[in-house]
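Have the model open beside you as you read.

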Amino acid sequence: MPARFADWFAGRGWRPHPHQHAMRQAARDGAHALLIAPTGGGKTLAGFLPSLIDLAEAAEREGLHTLYVSPLKALAVDIARNLTAPVEEMGLPVRVETRTGDTPQNRRKRQREDPPHILLTTPESLALLVSYPDAAEFFASLKTVVVDEAHALAGTKRGDQLALCLARLQRLAPGMRRVGLSATVAWPEALAEWLSPTADAASVRRIEGGGAVEPEIRILDTKERLPWSGHYGLHAAPEIYQEIKRAGTSIVFVNTRAQAELLFQELWRVNEDKLAIALHHGSLAREQRRKVEAAMARGDLAAVVATSSLDLGIDWAAVDLVIQVGPPKGVSRLIQRIGRAGHRLDAPSRALLTPCNRFEVLECRCAIEGLRARTLDGEPPKPGGLDVLAQHILGLACAAPFTADELFAEIACAAPYKELDRETFEAVLRYVADGGYALKTYDRWRRLFHKADGRYEVASPRVAHRHRMNIGTIVESPTLKVRLKRGAVLGEVEEYFASQLQPGDSFVFAGQLLRFDGMRESWIEVSRAPGGEPKVPAYMGGRMPFTTHLSERVRAVLEDPSRWADLPEQTREWLRLQQWRSVMPPRDGLLVETFPRAEKEYLVAYSFAGRNAHQTLGMLLTRRMERMGLRPLGFVASDYVIAVWSLHLADDMAALFDEDMLGDDLEAWMEESSLMRRTFRNVAVVAGLIERKLPGTEKTGRQVTFSADLIYDVLRRHEPDHVLLRAARDDAKGGLIDVGRLAEFLRRTAAGGIVHRRLDRVSPLAVPILLEVGKEQVAADAAVEDLLEEASAELEAALIEEAMGGPMHAELPL
């Protein structure tokens with residue numbers, strides 16, 4: 001190692017890890033490299049070290065040398081801060097800068113005219129840079145691209161976008177080397193393929209770092225009464241607070257923004273020592289997030305309550321404890337989150353899992369088992385999205401003209417699109433050019449001009465400008481800013497949530513109790529509420545379904561009572577009661593319980609296929625039950641269970657859960673479903689069919705939905721095989737509908753059989769699902785009662801008393 005670098009390591013009492021040497025060797029060999037190493041193992045430094053040495057020893061240092069791509073803006077800012085330290089301490093003539101959506105316009109302009117040596121950015125900002133006419137000049141000097149947290153990008157639409165951009169960079173800078181960094185990789189071969197410039201895993205050198213100390217993880221055995229249902233974990237706030245007091249600095253991870261807001265409030269309610277506890281999630285104002293990150297880096301905070309906004313890579317070596325409230329929903333996510341503690345190879349990460357209800361105890365226990373067994377979860381990458389491809393094609397046309405043959409060859413080098421056939425490519429290109437058969441008569445969708453020499457170019461500067469305003473693949477719910485009356489902007493809330501508020505309503509946001517004063521043009525005006533309970537506690541964030549891997553482990557634990565010994569007593573008692581009152585769900589196969597309640601018949605299926613698959617299953621089951629004359633009234637689904645209530649008893653379980661429901665039933669439901677319209681809306685936004693942002697204005701969510709619905713109906717009627725309808729169907733099946741998980745469940749049920757228990761009342765295991773709030777109503781009938789009312793404390797007490805009452809089926813000896 002060059003002397004000044006060796007001295008810098010020695011001055012800090014460090015010795016380079018073997019994987020850092022291996023990464024330098026890969027750079028000397030000109031090899032693409034994927035580094036898989038534990039959190040705290042110096043991955044980021046390993047990725048940058050060859051670039052820093054090269055720049056320090058280079059005679060010429062003009063132009064962009066290394067591009068770093070992060071999935072999070074906060075991570076790019078954090079890495080820039082950490083990279084600046086060695087650069088300044090060694091006196092290296094290296095300029096390091098960030099470019100994200102938060103970068104001021106004047107700095108962006110200057111960066112294009114005078115690029116830094118190392119630029120840290122995000123997939124969206126890279127797509128924007130690629131779309132400029134000077135992209136070829138800007139990237140000509142590029143030597144290395146470093147993709148951090150690569151596993152978090154591969155297999156997503158942002159990963160598709162990045163893979164396409166990397167293919168373009170490889171064409172602009174043929175000698176460019178690709179480097180991927182990741183701590184958790186369930187599919188290393190697929191990740192190497194995604195990183196490769198030829199979609200060939202063998203072309204990427206895989207380097208593994210080891211030596212991490214086994215983490216110290218425990219589950220909170222609460223002294224409070226463990227809830228049967230619910231997802232906030234507020235009952236455990238006093239115990240979480242005591243853990244924060246005992247630790248130096250803690251991160252309290254939760255799964256939704258609503259949970260973050262409510263738990264933050266509850267922690268401050270018990271914060272008798274006035275500890276510095278902060279809040280961090282993606283809807284808060286940028287300034288507030290940066291303030292929290294800086295305070296955390298300085299060691300000024302006792303704890304921060306955070307969502308996935310802090311999942312990845314932020315380097316805070318001072319974090320002593322990670323507290324996960326609610327299950328992590330996957331082994332890989334658990335590893336990622338607990339890696340925030342310690343953040344050093346020679347120190348164990350300390351973590352506390354805090355289940356919010358009884359089912360979550362099982363899930364937390366199984367996540368820890370999976371971590372210790374090193375069985376990572378996650379789905380293998382899917383083929384690239386056609387909507388992302390459409391956006392990318394228009395972006396390339398904004399930069400320079402191209403021929404279809406050249407572009408197809410370039411795109412096929414990106415792993416997500418290696419199987420793309422020419423016919424589909426031509427269909428996407430045709431859509432970008434004029435909207436496709438059904439839309440080509442409209443001038444607004446003529447975005448490419450096909451020149452006489454066979455090349456395509458962007459139709460006008462106006463098209464290019466509007467495209468750049470709408471670059472990106474993250475389609476979030478439309479939001480409105482939250483502004484204090486005569487004060488600062490606190491952040492953003494979903495438009496649908498704001499539309500439900502009445503003047504005087506109070507709600508929790510940005511860690512404060514706020515009163516809604518009124519709606520303005522693009523914001524809601526609020527003032528601080530004097531106190532009391534909020535009428536609207538918080539807006540709901542999306543919930544992550546738990547993984548197939550965790551599902552298998554939870555089913556195995558339920559089936560085997562010998563594995564219950566180290567579960568908390570309240571959970572063991574619950575499971576023993578289920579054994580006595582009914583039976584346990586089998587690992588392979590399906591337990592279905594039916595019982596009467598409140599003049600209705602309930603069917604509870606313990607399918608453990610995840611929330612998204614269960615939502616689809618609920619819709620398909622109710623369709624079948626309607627045809628059978630059972631008069632279904634509604635259903636409710638969780639990650640573990642689905643419950644359907646009807647006017648008549650269902651007894652033919654084999655017919656209800658037959659695999660053929662994934663045929664005509666699924667197709668018919670998808671065509672009618674509002675979910676398909678919502679999925680199409682998202683695809684249309686990504687593909688540029690609907691432009692949310694326009695010069696000087698931005699469409700409301702209602703306007704976007706109205707436009708998307710109109711176009712959806714036109715395409716279904718006149719061009720049912722339109723490329724965007726195909727993209728929407730693919731998205732729906734792999735996402736919210738989760739056909740893969742549902743098909744796997746039905747196959748398992750067919751192979752393992754169905755155990756049907758007819759009970760005379762609700763069973764202990766069924767109580768949590770009847771207390772769930774989320775409900776789909778499938779029939780307008782006077783007999784349908786609102787389950788929200790049933791989720792009261794009185795009902796919970798009644799259900800529990802009922803479940804713990806007398807004998808439940810004839811086979812049970814008294």
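Contact here means heavy atoms within 4.5 Å. With that in hand, consider contacts between residues at least 6 apart in sequence: 73% of them join residues at least 24 apart. Please keep in mind that this is a predicted model. The chain holds 31 helices and 28 strands, and 58% of its 814 residues count as buried.

What lies inside? In soluble globular proteins, nonpolar side chains tend to be buried together. Here, the largest nonpolar core has 119 residues. Those with the most contacts inside this core include Leu67, Leu169, Trp194, Ile393 and Phe680. Helix α15, residues 386-399, gives the core its largest share, 9 residues. The core also draws at least three residues from each of domain 1 (18-208) and domain 3 (386-473 + 674-733). Apart from this core lies another one, of 49 residues, with Leu371, Met584, Val604 and Leu765 among them.

Now zoom in on Ile393. Leaving aside residues up to four places away in sequence, Ile393 touches Phe402, Leu407, Ile411, Phe425, Val428, Leu429 and Val432.

Helix α15 also has a helical partner to look at. Its axis and that of helix α18 (residues 461-469) come within 10 Å and cross at roughly 130°. The crossing of α15 past α18 is left-handed. On the α15 side, Gln391, Leu394, Gly395 and Cys398 make the contact, and α18 contributes Val463, Ala464, His467 and Arg468.

How values were computed. Residues numbered from 1 in each chain as written. Predicted model: local features only at pLDDT ≥ 70, side-chain atom pairs only at ≥ 80, totals over all residues. Heavy atoms only, no water. Core = buried A, V, L, I, M, F, W, Y, C linked by side-chain atoms within 4.5 Å. Buried < 20%, exposed > 50% of the residue type's maximum accessible area, 1.4 Å probe, protein only. Helix = DSSP H or I, 4+ residues; strand = E, 2+ residues; numbered from the N terminus. Domains from an automatic or database assignment. Axes fitted to C-alpha atoms, helices over the stretch in contact; angles between N-to-C directions. Left-handed = near helix turned anticlockwise from the far one by under 90°.
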